[in-house]
Amino acid sequence: MGVPMLVPLQAAPGGGFMIVGLLILVLAIITIWQAVEIVDATEKRALTVFGEYRKLLEPGINFVPPFVSATHRFDMRTQTLDVPRQEAITRDNSPVTADAVVYIKVMDAKKAFLEVEDYKRAVSNLAQTTLRAVLGDMELDDTLNKRQEINAKIRRELDEPTDEWGIRVESVEVREVNPSKDVQQAMEQQTSAERKRRAMILEAQGERRSAIETAEGEKQSNIIRAQGEKQSQILEAQGDAVSTVLRAKSAESMGERAVIEKGMETLESIGQGESTTFVLPQELSSLVGRYGKHLTGSDVQTDGQSLDSLDFDSETRELLGLDNIEEILGQIDEEAEMDVEAMEQEAQAIKEGDDPTNIKSADEVIEEMDDVEDVEDIEEMDDAELEKELE
């Protein structure tokens, strides 16, 4: 077997020029890629050439020196920074923890690039220290109730240093402030005691209102009962007066009839005698004439008088007040209705809370009792006021 012969390969004509051309094309594409910088509409970029700051690139297509330049991106929209939970000691030595959210916006990208290394981390750290400082200058109750005041203080503290960095703090919101567990338990106990105190005061006020309304009801009942007794006594007195006068009138009429009957018996005995001439007293003849006219209705002339009837003359009726009974009863009824209406208005005012006894609401009583330390004192004060109202 023969040994194969190695024959050197020869490059194809023009092959080296093709490789160089490809290299030049690739280099041109890379150069163009490096020279063109496209900036989004929501950002700006800081341009440096050989590490030296040149300018800010605006949104759109920008041409920069290739291979020797660098750009740094800055978002121009409002950004949110979470402030981690911080522990602080209030002015009254109560430990609390709080966290917050800071809303910032880059106003000057050049300052944000040249004046601070990482503006987000710088603002976050500054917000943490400011939050602890603000909470340390306040009382525990203020940290829990004055959330807007805390936000305003933190924002004021952040404005001055962030302006030098080209950053504007748009808003600061403290999300949560929590006292320690021991303080929370003490606050719960205090709240429970306050609710019990309110309940006791409200119960005392309710009993006081109930007692006053009961007294008002008894007062109305007594007035109505007195009005009824007054009306009954007046009617009874009027009846007794009428009965007395009727008995007197009846006795007088019966007396006249007895005289007439006796006279008639005398005339009968005289008529049985033998004499033809009779002498009669003038009074007897007058009574006979009046009696006859009253019984028969004849037109025999008399002395113009008739037998007395049971009717009352005007003087007697006025003396007895017979014509004014209905008027008197009407006045009594009107007074009773006025009293009842006034009492109903007072009772309604008591129910609505605007009564003449000046019963105070529970909130007013609680405000007045804030300085009272013992609940028994509150009960004693309420009882004393109740007894004063009932008297």
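In which helix does Val26 lie? Val26 belongs to helix α1, which covers residues 15-35. The model described here is predicted. Its chain has 391 residues, of which 26% count as buried, and its secondary structure comprises 11 helices and eight strands.

**The chain as a whole**

- The chain exposes about 26,900 Å², and carbon and sulfur atoms supply 52% of that area.
- Taking the contacts between residues at least 6 apart in sequence, 69% join residues that are at least 24 apart.

- Val26, Leu27, Ile30 and Phe67 together make a nonpolar surface patch of about 370 Å².
- Val26, one of the residues of this patch, counts as partly exposed because its relative accessibility is 44%, a value between the limits of 20% and 50%.

**The nonpolar cores**

- In soluble globular proteins, nonpolar side chains tend to be buried together.
- The largest nonpolar core of this model holds 34 residues, and the members that touch the most others are Val102, Ile104, Tyr119, Leu131, Ile154 and Ile167.
- Two or more residues of this core come from each of the strands β6 (79-89), β7 (95-106) and β8 (167-179), and likewise from each of the helices α2 (109-114), α3 (119-136) and α5 (147-164).
- Helix α3 provides the largest share of this core, with seven residues.
- Once residues up to four places away in sequence are set aside, Ile104 touches Arg77, Thr78, Gln79, Leu81, Tyr119, Val123, Ile167, Arg168, Val169 and Glu170.

**Helix α3**

- The 18 residues of α3 should span 26 Å at 1.5 Å a residue, and the C-alpha atoms at its ends are 26 Å apart, so the two values agree.
- The buried residues of α3 are Tyr119, Ala122, Val123, Ser124, Ala127, Gln128, Thr130, Leu131, Val134 and Leu135.
- Val134, one of these buried residues, is 15 residues from Glu149 in sequence, and their C-alpha atoms are 9.8 Å apart in space.

**Glu149 in helix α5**

- Helix α5 contains Glu149.
- Glu149 counts as partly exposed because its relative accessibility is 33%.

**Asp99 in strand β7**

- Asp99 is placed in strand β7.
- With a relative accessibility of 10%, Asp99 counts as buried, because the cut-off for a buried residue is under 20%.
- Beyond its neighbours within four places in sequence, Asp99 is in contact with Val83, Pro84, Arg85, Leu131, Val174, Arg175 and Glu176.
- Among these contacts of Asp99 is Leu131, which is also listed among the residues that touch the most other members of the largest nonpolar core.

**Positive phi angles in two loops**

- Phe50 sits in the loop between β2 (43-49) and β3 (52-57).
- Phi of Phe50 is positive, near 55°, although the residue is not a glycine.
- Phe50 counts as exposed because its relative accessibility is 68%, and the exposed class begins over 50%.
- Asn93 is found in the loop between β6 and β7.
- Asn93, which is not a glycine either, has a positive phi of about 60°.
- Asn93 counts as exposed because its relative accessibility is 64%.

How values were computed. Residues numbered from 1 in each chain as written. Predicted model: local features only at pLDDT ≥ 70, side-chain atom pairs only at ≥ 80, totals over all residues. Heavy atoms only, no water. Patch = residues over 30% accessible without salt bridge, like charges linked within 9 Å, V, L, I, M, F, W, Y side chains within 5 Å. Areas by Shrake-Rupley, 256 points an atom, 1.4 Å probe, with all protein chains shown as cover. Salt bridge = Lys/Arg side-chain N within 4 Å of Asp/Glu carboxyl O. Helix = DSSP H or I, 4+ residues; strand = E, 2+ residues; numbered from the N terminus. Buried < 20%, exposed > 50% of the residue type's maximum accessible area, 1.4 Å probe, protein only. Core = buried A, V, L, I, M, F, W, Y, C linked by side-chain atoms within 4.5 Å. Contact = heavy atoms within 4.5 Å. Expected span 1.5 Å × (residues − 1).
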